[in-house]
Amino acid sequence: MGELAIRVQDLGKQYRLGAVTGGYRTLRDTLAEGAGQLVGRVPRPSRETIWALRHISFEVERGQVLGVIGRNGAGKSTLLKILSRITEPTEGEAEIHGRVGSLLEVGTGFHPELTGRENIYLNGAILGMKRTEIARKFDEIVEFAEVAQFIETPVKRYSSGMYLRLAFAVAAHLEPEILVVDEVLAVGDAEFQRKCLGKMSDVAQQGRTVLFVSHNMSAVLRLTQETLVLDRGGLVLRAPTPQAVDYYMTSGLAQTGERLWAEDDVPAGSGPFQPLALRVRDERGRIAERVACTEPFSIEFEYALSQEVTGLRTGLYLSTSRGEPVLTSFDTDDPRAFEQRLARPEGRYISRCRIPAHLLNEGLFVLGVNASSYRIRSYFTDEQALSFSVDGTGAPGSHWPEARGGPVRPALEWVIEEVQR
Amino acid sequence: MTTEALEQRPAAVPSIVIRPTRGWSALNLRELWRYRELIFFLTWRDVMVRYKQTMLGAAWAILKPFLTMVIFYFVFDRLASVPTDGYPGPIFYFSGLLPWVLFQEGVTKAGNSLVMGANLITKVYFPRLAIPLASVVSGTVDFALAFVVLLGMMAFYKLEVTARLLAVPLFVLMGLITALGVGLWLSAMNVTYRDVGHVTPFMVQAWMYASPIVYSANLITDPLVRSLYGLNPVVGVIQGFRWAILGGMTFPGALILESVLVSFVLLWSGAMYFRRMERSFADIV
């Protein structure tokens with residue numbers, strides 16, 4: 001039994017609903033309420049509250065890298081915010097042994113008008129580094145970010161890629177005893193993501209305690225040995241990561257071949273785009289959670305536009321239950337379709353695509369959806385909207401009972417030739 | 001290498017317990033001190049950013065009070081002939097404007113600082129006091145630049161340079177304390193009630209006329225009214241500052257004492273209110 005780094009006991013956080021949806025009180029509200037109470041007529045309005053987190057207890061040993069997974073709204077971010085002292089718990093307590101560095105977002109405190117050099121110092125100080133420490137690591141940070149030529153340029157002139165690289169580079173050189181990381185790897189291009197993951201596993205190998213929240217299952221699998229699964233504010237499972245990921249992918253997300261969105265499920269920023277449903281339909285058009293590998297099936301995404309949207313593309317991300325991407329496809333991938341649907345007027349739509357037979361291997365798959373106007377605005381993304389499984393009965397080679405690796409299992413044409421000597 | 005080994009010794013590991021706090025909290029100045037480098041960098045950022053992408057740059061720090069002084073001179077001295085205690089109008093106004101601008105900018109910037117810094121508050125932990133504190137302190141750079149002009153004006157008007165000038169830093173400090181006290185109240189209230197953002201400009205404007213900038217405090221002679229007047233802590237700051245610069249005035253001791261007391265009450269109460277509200281900043285802002 002090693003030393004404890006974190007001990008959390010019966011932790012809970014309650015939010016007032018008004019506060020969660022972002023409304024702030026105006027003085028008028030308070031005055032009106034107060035006046036009402038003085039007169040004794042208006043009863044104090046009962047405030048609706050929700051527990052974002054409740055009855056959470058766990059311990060983390062020094063040097064352990066612990067994953068935290070769960071759906072949006074499961075309480076992951078709230079947990080990290082409490083542990084990094086950004087917000088206070090409503091009940092329970094947490095003991096932290098060691099300095100905590102939190103990485104809830106890269107580039108916190110970056111100022112667009114300041115140069116790369118100035119931002120490194122500012123951001124470093126905000127993340128809790130000493131000035132001497134930043135000076136010592138300065139060259140390393142610049143090199144990691146690959147921005148040496150632009151170090152005296154205001155970061156507002158940086159490309160978004162450079163900006164992210166610099167922001168991550170500063171954060172990655174933070175050396176606290178306990179590192180709390182949330183989704184920071186979900187940014188940048190694939191090449192940079194690999195670099196970030198590499199840096200993260202370096203950190204883990206240096207014997208520091210890491211709490212790692214991510215939607216990226218392959219990153220969680222790669223970086224952590226053990227994982228917490230949160231659901232609706234509660235801790236539902238703590239298990240070795242492969243088990244936890246399987247549990248999460250099968251039970252936490254299991255739907256019935258259909259995912260519906262209510263109006264208030266959708267974040268406020270999605271604007272004119274309102275997702276309605278995502279469905280998997282088998283060959284006969286029935287909504288299905290399980291489709292046959294040997295039959296084609298279709299995936300349909302239903303949505304409404306509250307006003308005309310130009311350049312809209314909606315699409316699918318298909319990945320395995322382990323989070324490895326399989327394919328990405330958009331409804332306007334065909335340039336002619338894009339031209340035809342350049343502006344989509346207000347109304348209700350279904351974008352449907354057909355997945356041919358003999359494409360996917362048996363197993364569990366996860367569908368994500370996205371709606372955006374390329375390079376203009378992203379309206380809505382849900383990377384884990386729906387899961388479905390593929391039945392391998394009758395697939396090529398299924399007369400041998402062994403499992404086949406890989407996400408695809410196409411019926412390939414084989415020719416067997418006998419070579420004459 | 002050795003330091004790292006040292007840090008890994010359990011004894012060197014700081015431990016904290018996070019649990020809900022209720023009621024009033026202590027100020028925890030020691031923690032604020034530990035974060036002094038962050039306060040420095042936040043101040044430095046405010047200073048660096050203020051005049052970026054302006055043609056005249058830091059000259060604005062001088063031009064703004066100077067042009068205001070010119071306007072005051074024409075309106076209140078030449079047009080309205082408001083008495084200026086026998087001093088030339090320009091230096092009378094300018095010596096009142098410098099501490100006033102320090103206060104005004106400090107209050108306005110600090111009042112908005114938490115809302116502007118929402119991104120920091122919701123993503124990183126540090127003593128929240130650092131944000132309004134840095135906003136107030138960053139005003140001293142503008143003040144120092146304008147002060148050089150004031151010295152030039154003193155030479156121009158052949159004012160005697162006395163040892164009283166040594167008291168200037170004390171009055172600057174008093175001005176900062178007052179600005180911080182008011183700024184803490186406003187910034188913490190602004191997180192919950194955005195009305196503060198609308199009210200502040202009016203409040204500051206009214207406050208300016210309640211302070212002896214375009215007129216002399218000596219116009220108020222009734223002892224009772226005068227002691228009420230002194231409850232405005234800026235009065236003591238400005239009168240003290242003028243006393244140090246202009247020479248020839250009697251030391252406004254009673255006013256200053258009153259102002260010092262009020263400004264410390266403001267600072268203390270502001271800090272307590274701030275600390276009490278602080279724990280919900282990240283949830284509401």
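The legends below describe close-up views of a predicted two-chain model.

In this predicted model, local features need pLDDT of at least 70 and side-chain atom pairs count only at pLDDT 80 or more, whereas totals for chains, interfaces and linings use all residues. Residues are numbered from 1 along each chain as its sequence is written, and chains are lettered from A, with ligands numbered from 1, in the order in which they are written.

**View 1. The two domains of chain A and the contact between them.** Domain 1 of chain A covers 4–9 + 57–252 and domain 2 of chain A covers 258–391, with bounds that come from an automatic or database domain assignment. The centres of the two domains, taken over C-alpha atoms, are separated by 30 Å. Domain 1 of chain A gives 8 residues to the contact and domain 2 of chain A gives 9, where two residues are in contact if their C-beta atoms, placed from the backbone, lie within 7 Å. On the side of domain 1 of chain A that touches domain 2 of chain A, helix H8 (217–223) and helix H9 (241–252) of chain A are the elements that give two or more residues; helices (H or I, at least four residues) and strands (E, at least two) are DSSP runs, numbered from the N terminus. The residues of this side comprise 4 nonpolar, 4 polar and no charged, with Ala, Val, Leu, Ile, Met, Phe, Trp, Tyr, Cys and Pro counted as nonpolar, Asp, Glu, Lys and Arg as charged, and the others, Gly among them, as polar.

**View 2. The side of chain A that touches chain B.** Here 41 residues of chain A are in contact with 32 residues of chain B. Helix H3 (76–83), strand E4 (91–97) and helix H4 (116–126) of chain A each supply at least two residues of that side of chain A, and E4(A) provides the largest share, 6 residues. By class, the residues of the side of chain A that touches chain B are 16 nonpolar, 10 polar and 15 charged.

**View 3. Strand pairing across the two chains.** E4(A) and strand E1 (residues 15–18) of chain B run antiparallel and are joined by 4 bridges, and two strands count as paired if DSSP finds at least two bridges between them. Within this pairing, A:Ile96 has B:Ile16 of E1(B) as its bridge partner.

**View 4. An open antiparallel sheet in chain A.** The sheet has 4 strands in the order E10-E11-E13-E18, and its edge strands, each pairing on one side only, are strand E10 (258–260) and strand E18 (347–355) of chain A. Neighbouring strands are turned against each other by 15 degrees on average, direction ignored. Strand E11 (residues 273–281) of chain A is joined to strand E13 (residues 297–305) of chain A by 8 bridges in the antiparallel sense, and A:Ala277 has A:Glu302 of E13(A) as its bridge partner.

**View 5. The hairpin of E15(A) and E16(A).** Strand E15 (residues 312–320) and strand E16 (residues 325–330) of chain A pair in the antiparallel sense over 5 bridges, and the bridge partner of A:Gly315 in E16(A) is A:Phe330. Between the strands lie 4 residues, and A:Gly323 of this hairpin takes a positive phi near 90 degrees.

Terms used. Axes fitted to C-alpha atoms, helices over the stretch in contact; angles between N-to-C directions.
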